[in-house]
Amino acid sequence: MTGPDRGYRPGMPLTRALDGATVVITGASSGIGAATAYALARRGADVVLAARTEEALHRVAGRCRELGGRAVAVPTDVTDPEAVRRLAARAAAEFGRIDAWINNAAVTAVGLFDEIPVEEFRRVVAVNLLGTVYGTKAALPWLDAAGGGVLVNNASVLAEVAMPYQSAYNATKHGIRGLADTVRQELRVTGRGNISICTVLPTSIDTPFFRHAANHSGRELTPPPPVYPPEVVAETIVRLLRRPRREAYAGGAARLLGLQWRLAPALVERVLGWYTTRTQFGPGVALDSTGNVFRPDAEAARSGGWHGRRRQLIRMTAAFGLAAAGTAVGTLAAMTRRARAEQ
Ligand SMILES: NC(=O)c1ccc[n+]([C@@H]2O[C@H](COP(=O)([O-])OP(=O)(O)OC[C@H]3O[C@@H](n4cnc5c(N)ncnc54)[C@H](OP(=O)(O)O)[C@@H]3O)[C@@H](O)[C@H]2O)c1
């Protein structure tokens, strides 16, 4: 933005500029969280970075400063509500207020529902769903005090559709969407409509997420293609901060899946079950592991590196195209049958 409106003023809805706005990001030590921090720093925002791995947070904070933003790293485990409250207080103490909060931290445990240990299932719920609850509780009073602001929950297209071997993750992401819809209603009916609650629904993203996952499948994990760079989600979040909307897909495949799911849920459930069973596992075997579910993973790289595996991804992306086309034909057939039956 140029001209006299340039710059963020307290209480101003984040519909124009981000420079000078204070944004808290959880899960900022790698992947989408780090990419979002960079996107915001480039626009001059002050970012408060939270995750468990202190060293990685400092690396991300340093890069944010190089890009033009102010940044602080606040090591935080989002399963601890007191720590999340302290994170909010630290952000406000550092930059004077909080204008936006991004609940982004998450973990997953991959395996059949029967094979995922109860303790691990509980921990996935604690990080993904309760972490979002604690973040929202900590953020709202500060967003209110700032005269309004934006809270973004990074969910997944798996908040709308489902895929096998991801029961704990799917359940938490569906829960995050329901939580957001309810809190949004409550804010409106209690006269706090100047706080926006947004849900992001990304498809497969090129981050270390699948390398970080707890794995009980016995097989090497890969993200089902097509796989998009983390910057796609980061830019979606930036757009939401500037112009809040209830929900936004990130990645064209997420939009397509969401549309197909709404038109023909039973058919898409079958096709997606078939497709993801074939594409979320690589050719290699893997030992049982708890990944980063209980403790951070020492390897906190920003990119998942999946784009490097071109041949496999091209083959699987072609399979996605076939599955999508098949589903479209099936959806049309189901809609035609329904229309005829109603005549
Ligand atoms: N990658 C995908 O295909 C994809 C698709 C749709 C949605 N998403 C969503 O995008 C978000 C970011 O995931 P990503 O792909 O960027 O994966 P990632 O690189 O593994 O990032 C996960 C982040 O969460 C942090 N985290 C994990 N447990 C935590 C805890 N207890 N307390 C605080 N921070 C914790 C991790 O840092 P520490 O280990 O240092 O704590 C890391 O910074 C997640 O909500 C995920 O569900 C990802």
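Q: Which helix gives the largest share of the shell around the ligand?
A: H1 does, with three residues. Helices here are DSSP runs of H or I, at least four residues, and strands are E runs of at least two, numbered from the N terminus. This is a predicted model: local features need pLDDT of at least 70, side-chain atom pairs count only at pLDDT 80 or more, and totals for chains, interfaces and linings use all residues. Residues are numbered from 1 along each chain as its sequence is written.

Q: Which residues come nearest to the ligand?
A: Gly27, Gly31, Arg52, Thr53 and Ala106, out of 35 residues around the ligand. A residue is near if its C-beta atom, placed from the backbone, lies within 6 Å of the molecule.

Q: OK, backbone. Where is the cis peptide bond?
A: Between Pro225 and Pro226, with omega about 0°. Pro226 sits in the loop between strand E9 (219–221) and helix H7 (230–242).

Q: And which phi does Tyr165 have?
A: Near 70°, a positive value in a residue other than glycine. Tyr165 lies in the loop between strand E6 (149–154) and helix H5 (167–189).

Q: Why does Tyr165 count as buried?
A: Because Tyr165 has 24 C-beta neighbours inside 10 Å. Buried takes 20 or more other C-beta atoms within 10 Å, exposed 12 or fewer, partly exposed in between, with C-beta atoms placed from the backbone.

Q: Switching to packing: what does Val47 touch?
A: Val23, Ile25, Ala37, Leu40, Ala41, Cys64, Gly69 and Ala71, leaving out residues up to four places away in sequence. Contact means C-beta atoms, placed from the backbone, within 7 Å.

Notes
Two residues are in contact if their C-beta atoms, placed from the backbone, lie within 7 Å.
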